[in-house]
Amino acid sequence: MSTVARGRRSSTSKPPRKIAHDEKDGRPTGNVSEKRRLADDHKPSAHVADKKRPTEEAKRGQIGGGRPKPGARAPPPEPLPIGTLVNVGSVGSGAVKFVGTTTFGKGEWVGVALDEAKGKHNGTVGGETYFQCAPGHGLFVRRSQLEPHSSSKYKPG
């Protein structure tokens, strides 16, 4: 078994640290980098200070350009009553017959019974009946694809 004399470094050991000494009595006070870190600890950086104390703009909700925070929930959409008359893009107009979740797709779907036979079904999709209408008049769309019918008070959100 070999021993390493004090003051010598082996190839695997770290270099010796520089030690700071107190100016008054010359006693060691600790690592130089630690002394600097401790001296700076009493002054928080601007970044840290901003996180600790919200600005007046942040308190009023004026930061972020009005965009919702990540993970924030969107406000609930305006209710879309059954029977509301809507236009479905270039497909045509019809009445809302269903609003909710389905087994064929994620999220909210709106079932519309079209005035003309430009749809895809009769309100039954994949063996599940969501609403009833004439064959070829039923269509499921996202709420964002709807526009208010000229006689409707509905305003999509």
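## A walk across the five-stranded sheet

Start by selecting the open sheet of five strands, ordered S8-S5-S4-S3-S9 with antiparallel pairing. Strands here are DSSP E runs of at least two residues, and helices are H or I runs of at least four, each numbered from the N terminus; two strands pair if DSSP finds at least two bridges between them. Strand S8 (138-141) and strand S9 (146-148) sit at the edges with a single partner strand each, so one side of each has no neighbour in the sheet.

Before moving on, note that this is a predicted model: local features need pLDDT of at least 70, side-chain atom pairs count only at pLDDT 80 or more, and totals for chains, interfaces and linings use all residues. Residues are numbered from 1 along each chain as its sequence is written, and side-chain values use heavy atoms, leaving out hydrogens and water.

Next, pick S5 (residues 108-114). Six of its seven residues are buried (under 20% relative accessible area with a 1.4 Å probe, protein chains only; exposed is over 50%, partly exposed in between). On one flank, S5 pairs with S8 in the antiparallel sense over four bridges; click Val110 and its bridge partner in S8, Val141.

Now go to S4 (residues 92-101), which is antiparallel to S5 over seven bridges. Show Gly100 with its partner Trp109 in S5. The two strands form a hairpin with six residues between them, and Gly107 in the turn has a positive phi of about 85°.

Last stop: S3 (residues 85-88), joined to S9 by three antiparallel bridges. Val88 stands opposite Leu146 in S9.
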